[in-house]
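Me: I have a model open and want to learn how to read its features. Please take me through them one at a time.

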Amino acid sequence: MAATMIEMDDGARLRTWTTGPATCSHPPVVLIHGGPGIPDYLAPVAGILDDRCVVHRYDQRGTGGSPWQGQHTIARHVRDLELLLDTWGHRRVTLVGHSFGTNMASYFLLAHPDRVAGLVQLAGPFLGSWREPDLAAQRARRSRRQQERLERLDAVASRTEAEEVEYLALSWFTDHADRARAWDWALAAARTLRPVNYEMNAQLNAAKVTDPLEAHVDELRELLPPHAAIIGGADDTRPADNLRRLGTRLGCQVTLVADAGHHPWLEAPDEFSAAFRAAIRNQAPAS
């Protein structure tokens, strides 16, 4: 699949991919990857839909094939997505965010509700007091030796290539509920989702604290498109109850895929695909 570079209004060029039929009855879908600070990894999720509708993906600025240096802000990334929609020629789309991408999708909805025909959130957003239970669950999935090694590598100012791969694998393998395959999945991601933009990660995570999504839940509820949905993994280290509570506050459906973690399409592909396709099918028709 060939990538297309799209230039932003400040000269940054973002790598994008488009799949799916040229014409269909459903709005185009835009996938927003998480991180922040790593490139797009949602090709398998796009593949679940690209027989049904047009699907767009992109590397956020500063990641992967979208090189850029500068101060990262929520507003800048919202503006990027707005410009991408303009370039693709879409007035309204269905947004699908994953992990931190669910936060970005939410901020975009707050800024441009008229451009969001549908919203499906994958493994997020996690609001309120979720971080401590998440860290505790991560530690429970690591051996003492693994935890100690992770902490030693975290303290290294400049890691070698091998150390960086090991560090990321130790950080990410707890995302998966399937303990037999968790390490292989994390190791593959650690080798390919590189380099990690740690400055971007720090800046956008700080921006979440400055303007917390938690403060906008009532507004989000008012703006939420009909049949918006949240799909998560029942065995994610991030607390599933957090998603249930958010779904109640927003008045949207929450589906938790059994025996799956933070990337449910990997661990429970059939169950996830069925839930995801149903959620997309329920979004507003193209207009």
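Me: Which residues lie nearest the centre of the largest cavity?
Reply: Start with what you are looking at. This is a predicted model, where local features need pLDDT of at least 70 and side-chain atom pairs count only at pLDDT 80 or more, while totals for chains, interfaces and linings use all residues. Residues are numbered from 1 along each chain as its sequence is written, and side-chain values use heavy atoms, with hydrogens and water left out.
Rolling a probe the size of a water molecule over the atoms shows where empty space is left. A cavity is a set of points, on a 1 Å grid over the protein atoms alone, where a 1.4 Å probe fits but cannot get out; lining residues have an atom within 4 Å of a point. Here, 13 residues line the largest cavity, and Ser106, Leu119, Gln121, Leu224 and Leu250 lie nearest its centre.

Me: How many cavities of 30 Å³ or more does the structure hold, and how much space lies in the largest?
Reply: A volume is the space filled by probe spheres set on the grid points, which are joined across faces, edges and corners. The structure holds 1 cavity of 30 Å³ or more. About 90 Å³ lies in the largest cavity.

Me: Which elements supply at least two residues each of that lining?
Reply: Helices (H or I, at least four residues) and strands (E, at least two) are DSSP runs, numbered from the N terminus. The suppliers are helix H3, strand E6 (116–122), strand E7 (229–233) and helix H10 (240–250). By class, the lining has 11 nonpolar residues, 2 polar and no charged. Ala, Val, Leu, Ile, Met, Phe, Trp, Tyr, Cys and Pro count as nonpolar, Asp, Glu, Lys and Arg as charged, and the others, Gly among them, as polar.

Me: Gly247 lies in H10. Is Gly247 buried or exposed?
Reply: Buried means under 20% relative accessible area, exposed over 50%, partly exposed in between (1.4 Å probe, protein chains only). At 4%, Gly247 is buried. Beyond residues up to four places away in sequence, Gly247 touches Ile230, Cys252 and Val254; contact means heavy atoms within 4.5 Å.

Me: At what angle do the axes of H2 and H3 cross?
Reply: Axes are lines fitted to C-alpha atoms, for helices over the stretch in contact, and angles run from 0 to 180 degrees between N-to-C directions. The axes of H2 (residues 74–88) and H3 (residues 100–111) cross at roughly 75 degrees and come within 10 Å. Angles of 65 to 115 degrees count as roughly perpendicular, so H2 and H3 are roughly perpendicular to each other. Ile74, His77, Val78, Leu81, Glu82 and Leu85 in H2 meet Phe100, Met104, Tyr107, Phe108 and Ala111 in H3. The residues of this contact divide into 9 nonpolar, 1 polar and 1 charged.

Me: What is the phi of Ala123?
Reply: Ala123 has a positive phi of about 55 degrees, although it is not a glycine. Ala123 lies in the loop between E6 and H4 and is buried, at 1% relative accessible area. Asp259 has a positive phi too, about 60 degrees, but Asp259 is exposed, at 59%.

Definitions and conventions. Angles under 35 degrees count as roughly parallel, over 145 as roughly antiparallel, 65 to 115 as roughly perpendicular and the rest as oblique. On a 1 Å grid over the protein atoms alone, a cavity is a set of points where a 1.4 Å probe fits but cannot get out, and a pocket is an open set with protein on both sides within 12 Å along at least five of seven lines; lining residues have an atom within 4 Å of a point.
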